[in-house]
Amino acid sequence: MMNFNRTTAQWQELDRDHHTHPFSDPKALGEKGTRVITKAEGSYIWDSDDNKILDGMAGLWCVNVGYGRTELIEAADRQMRQLPYYNSFFQTSNPPQIELSRLLSEVTPEGFNHFFFAGSGSEANDTNVRLVRHYWDIKGQPKKKTFISRHNAYHGSTLAATSLGGMGYMHNMGGEGGSLLPGFEHIGQPFWYLEGGDMTPEEFGLMRAQELETKILELGADSVAAFIAEPIQGAGGVIVPPATYWPEIQRICKKYDILLIADEVICGFGRTGNWFGSETMGIKPDLITMAKGLSSGYLPIAAIGMQDDFFAVLNGGGDINHGYTYSGHPVASAVAIANIHYIRDHNLVEKVREDTGPYLHAGLQHLVDSHPIVGEVRGRGLMAGIQLVKDKASRTTFSGDEDAGTVCRDHCFSNNLIMRGVGQSMIISPPLTISRIEIDELLAKAKICLDATGRDFGLM
Ligand SMILES: *Cc1c(COP(=O)(O)O)cnc(C)c1O
């Protein structure tokens, strides 16, 4: 049996001595010590010192149905006993992956009826790269290989997903451009608050969308395969494009025969108040990437959805020489099915759209109106970014050295609230099951942490 009875200090020591963490400086983290999370229920997690912490991030944007749901747990238990694993390579299939595909065709936007499974969002985006190049090759345009994305986009951490993404510090792991593959290009992001200058949001949104056209013309439309974007950028800081942005992107993709991939890994499964962010933002993509909320993080699973016209080309194009040992893993698929039923049976999408989403945003808007270091709040549904500023009138944010985001995040840590700092924004993305009373607690704690941050910088 695994020994769960260790003290916090013992766990931290073992963690430092044997476990290397993602997106962390091993030495600094080893000296500081990790926080050891031991259990969870509903919207709360507990650490090894028995602190009860409100999880304002739903894990990593993924625990959409909240923790401890017996429906998902029992689905996993049943499927493990029935058939814990079988592959789908050798002309074999299994009921959970078939049923999940059918269910996805019901909840995804119209025209999405075919699904390919992977183990993570990163793998799913790798799959997009491979299938899209295959698609253009079948269509007799093998030169169409280049992908265009945006600076500060997040599409995952494998080599292809890192390259699709726009995080400079990830591209430069392994030296300048050391993690950036050829064939991946980036344009500006539609982040008006920081980059819009004197333009109106509408003018700025149009300008940023037109950078896509400029880039396509520069590269030659006959070499561009696809444009990929999150409907609302998540890890970049919850960036909602101005209303002019998406229609222009859509027009440009159509004009130059470029595929449009919506990375719905965060926006999917109710986060923005619709099943998919594409519906919230009025986008008609050719492909959608799903992960996180697909299983509420209970087990790793991801999928890409293919629009009918896209699939029709693959269907007749010969072998798809791609797949993973765990593509359509039966237990993960069974959990994803239970998760989708849970979202449906509890009307979570409608609840986010009509009740808890507006309630959260009304509370956050109050901070914009009253708090000296809150410049704006962005987001839709249960997804929000609080922009920290030194001066509201001039939209002056804190510098990277001042790093108000990390200062505020540390205050959240000591006040038993999980809010993530991204640059100079604080991120909120709680379970979709969060109640109004829990949202009140979240807002009250957030205010305490913002006050403390304001005092640290002598701004209040
Ligand atoms: C998290 C995320 C990914 C990567 O998913 P992993 O499961 O971590 O590989 C891809 N795209 C977006 C938009 C994400 O937020």
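Predicted model: local features only at pLDDT ≥ 70, side-chain atom pairs only at ≥ 80, totals over all residues.
Next, turn to the boundary, where 34 residues of domain 1 are in contact with 37 residues of domain 2. The two domains bury about 2800 Å² between them, and 61% of that area is on carbon and sulfur atoms. Now select V65, M383 and R395, which supply 26% of the area that domain 1 buries against domain 2, more than any other three residues. Across this interface there are 17 residue pairs in polar contact, whereas the count of salt bridges between the domains is zero. To see which elements of domain 1 give two or more residues to this side, select α3 (58-61), α15 (348-370), β11 (374-380), β12 (383-391) and β15 (420-422). Colouring the touching side of domain 1 by class will show 17 nonpolar, ten polar and seven charged residues.

Finally, select the ligand and the residues around it, which are S120, G121, S122, N125, Y154, H155, G156, E230, D263, V265, I266 and K292. Look at S122, where an N or O atom of the side chain is 2.5 Å from an oxygen atom of the ligand, and then at K292, which has a polar side-chain atom 2.7 Å from a ligand oxygen. At G121, by contrast, it is a polar backbone atom that lies 2.9 Å from an oxygen atom of the ligand.

Conventions: Residues numbered from 1 in each chain as written. Heavy atoms only, no water. Contact = heavy atoms within 4.5 Å. Buried area = accessible area lost by both parts, 1.4 Å probe. Salt bridge = Lys/Arg side-chain N within 4 Å of Asp/Glu carboxyl O. Polar contact = N/O pair within 3.5 Å; in protein donor to acceptor, adjacent residues only side chain to side chain. Helix = DSSP H or I, 4+ residues; strand = E, 2+ residues; numbered from the N terminus. Nonpolar A, V, L, I, M, F, W, Y, C, P; charged D, E, K, R; others polar. Near = heavy atom within 4 Å.
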